[in-house]
Amino acid sequence: EHLQVSFVDPQQHPEQVEKYGALGVQKSQVGSVVIKAGPRQREIPLSGVNARLEERDFTNVIINVVREKAPKLYFLSGHGGWDLESDAPDSGGQTFAYVLRHESYEIASLALGPDMPAVPADCAVLVINGYTSDLREDEIAALDQYLRGGGRLFLAVNPLVMADPSAKVTERLRPWVESALGLRLPTNVLVSRETSSYQIMFVSDFGIYGDFLDPLNGIARFRGSYNAEHPITAGLDKTLPLRLVRSVEPVETVPAGVTQTFLLRSTPDTWAETGLDAIMNQQPISQDPGESRGPNPAAAAVSVQAEVATADESRAREGRAVVIGNAYLTTNEFMALAGAQDLLLNSFAWLTASEELIAIRAATDAGEPIVLTRSEQRTIAWVASLGPVQAIALVGALVLFWRRRYR
């Protein structure tokens, strides 16, 4: 379609713009930017809102007007997870919802049950985000039917969610993930000696860990913690700290029709701690024999050959899933990090078969928290607290030495 871009001054007098270079006009010259494609159009207000036109805003409006309709994301309800209306730093998902809507996604809640026995046909991606209770049998059946029919699934799971052995109940979601996606979600937490006990860093370079022999060399090309070949992580280069991450591992025999690509892996100094009681009770932990040493996989993208052929193709439509062993990255606290936003938005772009959006997404000019390793934190703490005291003591000792020598 023909894309029209025009500037509108505060008096609503449009001025047609032929070149993107005209986006450099000053705020005082325009009141808004109107982008139109056919019958659809969107307006970006400038006066009193933004100091300048952000590339991210411009890109997202283009996406919105060019798409036939906005992809609809359904969040599975009834099993806990983050409240998308809450601004609580560690348990709210307000920022997550805002970022998704800003990327031209629609968001809705889905409660599977007698009144809704199947995933709606307009569901672009089904999201299970930070659940705290297991799914019912009918929900698992609907989930399985949806994926095998070419559906798309985003699953983010925290490690402290597990079956209660004393309740004598049978888990359903994790066994289904194993049988349908060929992925194990072990009961463990990835722990690092470099950071605090259960907070780990995903980095773009393992050079700080010395001569690291990559066991995946020749199987998958990684750039530090990130898969350098998959579109979701190929462009990621930011340090991403996450708290309470569980590993996401392949089963011994991957189901037929399933293709897996592991997206994230922990740093070489980590291990998979299975003593979750010690972590929950904040007790000292150390690596025990049999606990897997890093790098450990922590996220995967899975393609599943669908069983239902599409209307315009003889082959079946491909089902897709992204599984991440952590749901805290979608909370307000971690969504402030550009690395978390890039990972999540790239995942939804891949799930909705909109990979072109991955390459053109631009970051805003908003400030981002500085991520420090534990050694850097110790250095700063030492300089800030003990450094001045020791500097004064050193100067005093030099003065005393000077006076005694030349008295």
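Is Asn188 buried or exposed? I began with this residue in what is a predicted model.

**Entry 1: Asn188.** I found Asn188 in the loop that joins β9 (183–184) to β10 (189–192). Its relative accessibility is 3%, so I record Asn188 as buried, the limit for that class being under 20%. I then looked for a polar partner: the side chain of Asn188 makes a polar contact with the side chain of Ser247, at 2.9 Å. Setting aside neighbours within four places in sequence, I list Pro159, Val245, Arg246, Ser247, Glu249, Ala272, Glu273, Thr274 and Leu276 as contacts of Asn188.

**Entry 2: nonpolar cores.** I looked up the largest nonpolar core, which has 51 residues. Leu100, Phe154, Phe202 and Phe348 touch the most other members. Helix α7 (residues 338–351) contributes the most to this core, with eight residues. Apart from this core I noted another, of 34 residues, which includes Ala108, Trp176, Val177 and Leu181.

**Entry 3: helices α3 and α4.** I examined the axes of α3 (residues 137–148) and α4 (residues 173–181), which come within 11 Å and cross at roughly 25°. I therefore describe α3 as roughly parallel to α4, since angles under 35 degrees count as such. The crossing of α3 past α4 is right-handed. On the α3 side, the contact is made by Ile140, Leu143, Asp144, Leu147 and Arg148; on the α4 side, by Leu173, Trp176, Ser179, Ala180 and Leu181.

Notes: Residues are numbered from 1 along each chain as its sequence is written. This is a predicted model: local features need pLDDT of at least 70, side-chain atom pairs count only at pLDDT 80 or more; totals for chains, interfaces and linings use all residues. Side-chain values use heavy atoms; hydrogens and water are left out. Helices (H or I, at least four residues) and strands (E, at least two) are DSSP runs, numbered from the N terminus. Buried means under 20% relative accessible area, exposed over 50%, partly exposed in between (1.4 Å probe, protein chains only). A polar contact is a pair of N or O atoms within 3.5 Å; within protein, one must be able to donate a hydrogen and the other to accept it, and residues adjacent in sequence count only if both atoms are side-chain atoms. Contact means heavy atoms within 4.5 Å. A nonpolar core is a set of buried Ala, Val, Leu, Ile, Met, Phe, Trp, Tyr and Cys residues joined through side-chain atoms within 4.5 Å. Axes are lines fitted to C-alpha atoms, for helices over the stretch in contact, and angles run from 0 to 180 degrees between N-to-C directions. Angles under 35 degrees count as roughly parallel, over 145 as roughly antiparallel, 65 to 115 as roughly perpendicular and the rest as oblique. A crossing is left-handed if the near helix is turned anticlockwise from the far one by less than a right angle, and right-handed if clockwise.
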